Amino acid sequence: MEILFLVLGFILILVGIIGSFLPVLPGVPVSWLGLVALYLTPAITFDWTFIIITGIVAIVLYILDYIIPAIGTKKYGGSKAGVYGTMVGLIVGIIVPIPLGILWGPFLGAFIGETAFNNSTGDTALKAAFGSFIGFLASTFVKFMATLIYLGLFIYKVIEYREVLF
């Protein structure tokens with residue numbers, strides 16, 4: 001049973017790392033489920049505090065993943081139209097099968113939102129779109145780092161309990 005939970009947890013951690021780059025997968029929450037699977041292993045003592053804290057971090061980062069690109073748009077002079085365009089562009093970028101749609105979607109969404117619905121000039125709309133892109137990159141970086149930390153915690157616990165696991 002230990003090996004099953006250990007393998008399942010490791011797979012979930014890896015899927016979470018991949019999900020930190022693909023918005024289709026909620027990367028940090030999936031990695032957190034990998035930690036939960038590890039702690040469900042009968043050989044490892046269950047630490048509620050650890051699971052609750054890492055779970056709260058996963059939820060907060062999941063929510064921030066949708067907010068940070070919009071904050072980037074607003075920070076670089078975008079209006080509400082640009083912020084909404086960023087969110088719509090992110091969703092469309094995920095769905096539409098174009099190369100790097102995940103990157104182009106928020107950028108184009110903010111640009112279109114600013115030019116079409118806010119009547120912004122090209123420079124203002126471009127600046128807001130750039131802010132959206134920076135926000136998306138920041139969000140992705142934070143998610144990736146969190147999933148790597150979860151991987152490190154996973155490996156640490158496996159090493160700590162290696163005698164009883166194997």
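## Close-up views of the model

With a relative accessibility of 18%, Phe50 counts as buried. The structure shown in these views is a predicted model.

**View A. Helices α2 and α3 come within 8 Å of each other.** Helix α2 covers residues 27-39 and helix α3 covers residues 48-75. Their axes cross at roughly 165°. Angles over 145 degrees count as roughly antiparallel, and α2 and α3 are therefore roughly antiparallel to each other. The handedness of this crossing is left-handed. From α2, the contact is formed by Val28, Pro29, Trp32, Leu35, Val36 and Tyr39. From α3, the contributing residues are Phe50, Ile51, Thr54, Gly55, Ala58, Leu61 and Tyr62. Sorted by class, the residues in this contact of α2 with α3 are eleven nonpolar and two polar, with no charged residues.

**View B. Phe21 and Phe144 form an aromatic pair.** The structure contains seven aromatic pairs. In the pair of Phe21 and Phe144, the ring centres lie 5.0 Å apart, and the planes make an angle of 45°, a tilted arrangement. The two partners come from distant parts of the chain, 123 residues apart: Phe21 belongs to the loop between α1 (2-19) and α2, whereas Phe144 belongs to helix α6 (residues 122-160).

**View C. Tyr39 and Phe50 form a tilted aromatic pair.** The distance from centre to centre is 5.2 Å, and the planes are 35° apart. Because Tyr39 lies in helix α2 and Phe50 in helix α3, the pair ties together parts that are eleven residues apart in sequence. Tyr39 has a relative accessibility of 2% and so counts as buried. Phe50 is also buried, at 18%. A cluster is built from ring pairs that link Tyr39, Phe46, Trp48 and Phe50.

**View D. Helices α5 and α6 pack with their axes 8 Å apart.** Helix α5 comprises residues 101-117. The angle between α5 and α6 is about 150°, which means that α5 is roughly antiparallel to α6. The crossing of α5 and α6 is right-handed. On the α5 side, the contact involves Ile102, Leu103, Pro106, Phe107, Ala110, Phe111, Glu114 and Thr115. On the α6 side, it involves Gly122, Ala125, Leu126, Ala128, Ala129, Phe130, Ser132, Phe133, Phe136 and Leu137. The contact of α5 with α6 consists of 14 nonpolar residues, three polar residues and one charged residue.

**View E. Thr140 is a residue of helix α6.** Its relative accessibility is 10%, so Thr140 counts as buried. When neighbours within four places in sequence are left aside, Thr140 is in contact with Ser20 and Phe21.

**View F. Gly85 is located in helix α4.** This helix covers residues 80-95. Gly85 has a relative accessible area of 10% and is therefore buried. If residues up to four places away in sequence are not counted, Gly85 touches Gly109 and Ala110. Ala110 is also among the residues of α5 in the contact with α6. Between the C-alpha atoms of Gly85 and Phe10, the separation is 36 Å, and these two residues are 75 residues apart along the chain.

Conventions
Residues are numbered from 1 along each chain as its sequence is written. This is a predicted model: local features need pLDDT of at least 70, side-chain atom pairs count only at pLDDT 80 or more; totals for chains, interfaces and linings use all residues. Side-chain values use heavy atoms; hydrogens and water are left out. Axes are lines fitted to C-alpha atoms, for helices over the stretch in contact, and angles run from 0 to 180 degrees between N-to-C directions. Helices (H or I, at least four residues) and strands (E, at least two) are DSSP runs, numbered from the N terminus. Angles under 35 degrees count as roughly parallel, over 145 as roughly antiparallel, 65 to 115 as roughly perpendicular and the rest as oblique. A crossing is left-handed if the near helix is turned anticlockwise from the far one by less than a right angle, and right-handed if clockwise. Contact means heavy atoms within 4.5 Å. Ala, Val, Leu, Ile, Met, Phe, Trp, Tyr, Cys and Pro count as nonpolar, Asp, Glu, Lys and Arg as charged, and the others, Gly among them, as polar. Rings of Phe, Tyr and Trp (its six-membered ring) pair if their centres lie within 6.5 Å; planes under 30 degrees apart count as stacked, over 60 as edge-to-face and the rest as tilted. Buried means under 20% relative accessible area, exposed over 50%, partly exposed in between (1.4 Å probe, protein chains only).
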